Amino acid sequence: MRFPIDTSQLAFVVTGPPMAAKDFSTKKVKVTEDGQPVMVVKLLAMDGNDSSLIKFNIPGEQHHLTPGMPVRVEGLTYGTAKDGEVRWWSATAVVPLHGAGAPAGRNPHASPPAAPAATGARHSGRAGAGEGEA
């Protein structure tokens with residue numbers, strides 16, 4: 001059985017470079033029916049209070065994913081079989097956030113950045129220098 005995961009309240013960061021998935025029995029590199037490589041992607045999932053490492057296979061080259069990159073995960077599911085003895089994560093896509101309008105490295109659950117200081121007052125760098133002094 002597969003359980004869909006609502007990722008709207010989660011932030012994800014790539015923890016390592018994607019690696020080619022290996023078939024469990026033959027130890028050969030896995031490919032899809034149409035010949036695409038299957039890659040293993042490792043992410044840190046965060047909800048603002050806690051985090052967990054997840055690992056899953058995804059079809060196609062994933063060289064665009066680099067360690068430390070914030071990403072959005074599409075179609076994330078958690079699967080179980082054999083009365084829960086076999087468990088796995090899967091996803092349909094992992095998309096970098098920096099290309100989708102979000103700043104790179106920004107955790108969407110972090111506090112907003114501090115507002116810039118007012119620009120009207122400036123320090124002259126001279127002790128005792130104040131308004132009207134030359």
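Strands here are DSSP runs of E with at least two residues, numbered from the N terminus. I worked on a predicted model.

**Entry 1, D83.** I looked up the loop between β7 (77-81) and β8 (86-90) and found D83 in it. I checked the backbone there: phi of D83 is near 55°, a positive value in a residue that is not glycine. I noted this since most residues other than glycine have a negative phi. I then looked up the accessibility of D83, and its relative accessible area is 83%. D83 counts as exposed because that value is over the 50% cut-off.

I looked for K27 and found it in the loop between β3 (19-20) and β4 (38-46). K27 is not a glycine either, yet it has a positive phi of about 65°. The relative accessible area of K27 is 56%, so I logged K27 as exposed.

I moved to the loop between β2 (11-14) and β3, where T15 sits. T15 has a relative accessible area of 37% and is therefore partly exposed. I listed its contacts, leaving out residues up to four places away in sequence: T15 touches K42, L43, L44, L53 and P67.

Which residues have the most contacts inside the largest nonpolar core? I found F12, L43, F56, L65, V71 and L76, in a core of 15 residues. I then asked which strands supply at least two residues of this core each, and noted β2, β4, β5 (51-59) and β6 (70-74). As background, nonpolar side chains in soluble globular proteins tend to be buried together.

Beyond four places in sequence, F56 touches M39, V40, V41, L43, L76, W89, S90, A91 and V94. L43, which is on the list of T15 contacts, is also on the list for F56.

Is Q62 buried or exposed? Its relative accessible area is 6%, so Q62 is buried, the cut-off being under 20%. With residues up to four places away again left out, Q62 touches P18, M39, V41 and V94.

Key:
Residues numbered from 1 in each chain as written. Predicted model: local features only at pLDDT ≥ 70, side-chain atom pairs only at ≥ 80, totals over all residues. Heavy atoms only, no water. Helix = DSSP H or I, 4+ residues; strand = E, 2+ residues; numbered from the N terminus. Buried < 20%, exposed > 50% of the residue type's maximum accessible area, 1.4 Å probe, protein only. Contact = heavy atoms within 4.5 Å. Core = buried A, V, L, I, M, F, W, Y, C linked by side-chain atoms within 4.5 Å.
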